[in-house]
Amino acid sequence: MNESLLCFLVVAFAFVITPMILPVFVLMAQRKGITDSPNFRKFQQRPVSVLGGIVIASVISITMACAHMFVDMNDLFLAMTMILTLLMIGLVDDAIDVHFLVKLFVQVFVVALLFFSGHYRIVTLGGLFGISALNTTVSCIISIFVGVFIINAINFIDGIDGLASLFGVFFGLVMGIWSLNHGIISHAVLSFAYVGALLSFFLFNAFSKKYKMYMGDSGSLILGLYAYLSVCLVFSQEPQGYFYTCNYHISFAIAWLAVPVFDMVRVCFYRVIKGNSPFAADRTHLHHLLTDWGISDVAVSILLVLMNVLVLAVWFVTASTGMGALKQAFIVAAVALLVVWSPALYVNYLLKKKNDRYEKMRMRFLRNQAMNQQLHNSITRMIDNMPVLFKNKR
């Protein structure tokens, strides 16, 4: 079968079977009390199911099993095993709140196991600072640090409806195209399975009332691990196709994960200078600042993904010119820093120094939300009235 056609069918298949599976777990979560309740950081009006991770993992597993009839997926056995390992700790955390040190230990264990398997490790800096191949000790330290950092960066963006799932669609789409360009078909299938599953999940997460479900830690952790696996794959491959002559490893990774990574750095830096733990819960993330300003969750999600697309476009330009690895990485990091930090600094400036202007703009954003509510309600009715295999008859 043609590889591009296979990937299209993978997206379509994952998109279609998600609505068949999701209502089952919504019902289960409601009956077992596996829900997320409102608090000072979460403004939903009622408890919401948090088994999104198991829905996404189930859809991806089924999709990959079907794709195995056309392409060999055996090389992803270890990756899927580790994804399911993080899924389990995420499910436990969603149910009973695991201490962050326990989750951190499991993340380090998973990344270390992937490293010592020899399949997923960062073995080069792509010519940055004149460094290419890394010795085993340095490679191990960098791999574990980068892996845990990426997993938590993705976990941190799961704070409003639709944001993590829409970023997952973006991640999968970019990496799916990259994998096809490099002839890594199995990872392309995995990436496009994420695209189909998360695009469908986004609709339920952002719009549905009857079948609304959060991704939860289980979903964000497996999305973060997928991102780390993809970064390792990028660092293990020589550039091919259009970018064959470019040393793009570092700059591509920075651009691809720009918004989650740089927002996490900003938030942790802000917490530390305030004397708080970098893991302390608050509402200082960029998506929180924008939603508190009156912009809707869906609009903020789309805006932040478009910001990441902008950074990736800058990377594309630098890669096309064939400039050196250090200059490429510096330009992309500077643009990412500007794109991600500027809106947060601007909103905080208005809030503290120009409160009248902040409130006027907030009221304008809220009026726009009200004007768009009819479209939102139409999508909600369409999703909630769709036929499903299982319904809550209580």
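Residues are termed buried when their relative accessible area is under 20%, exposed when it is over 50% and partly exposed in between, with a 1.4 Å probe and protein chains only. The structure is a predicted model, in which local features need pLDDT of at least 70 and side-chain atom pairs count only at pLDDT 80 or more, whereas totals for chains, interfaces and linings use all residues. Residues are numbered from 1 along each chain as its sequence is written, and side-chain values use heavy atoms, with hydrogens and water left out.

Helices are DSSP runs (H or I, at least four residues), numbered from the N terminus. In helix α6 (residues 163-181), 15 of the 19 residues are buried, so the helix is largely enclosed by the rest of the structure. The expected span of a helix is 1.5 Å times one less than its number of residues; for α6 this should give 27 Å, and the end C-alpha atoms are 27 Å apart, in agreement. Gly 183, which follows α6, has a positive phi, near 70°.

Helix α2 (residues 52-67) likewise agrees with expectation, since its 16 residues should span 22 Å and its end C-alpha atoms are 22 Å apart. Its buried residues include Gly 52, Val 55, Ile 56, Ile 60 and Met 64. The buried residues of α2 pack against α1 (3-32), α3 (77-96), α7 (185-207) and α8 (216-236). Ser 61 also lies in α2, but at 30% relative accessibility Ser 61 counts as partly exposed.

A nonpolar core is defined as a set of buried Ala, Val, Leu, Ile, Met, Phe, Trp, Tyr and Cys residues joined through side-chain atoms within 4.5 Å. The largest such core comprises 131 residues, of which Tyr 194, Leu 225, Phe 252 and Trp 256 touch the most other members. Helix α7 gives the most to this core, with 15 residues. Beyond its neighbours within four places in sequence, Phe 252 is in contact (heavy atoms within 4.5 Å) with Val 174, Met 175, Trp 178, Val 234, Leu 312 and Trp 315.

The axes (lines fitted to C-alpha atoms over the stretch in contact, with angles from 0 to 180 degrees between N-to-C directions) of helix α5 (residues 136-156) and helix α10 (residues 258-273) come within 9 Å and cross at roughly 85°. The contact involves residues including Phe 149 and Phe 156 of α5 and Met 264 and Arg 271 of α10.

Definitions and conventions. Helices (H or I, at least four residues) and strands (E, at least two) are DSSP runs, numbered from the N terminus.
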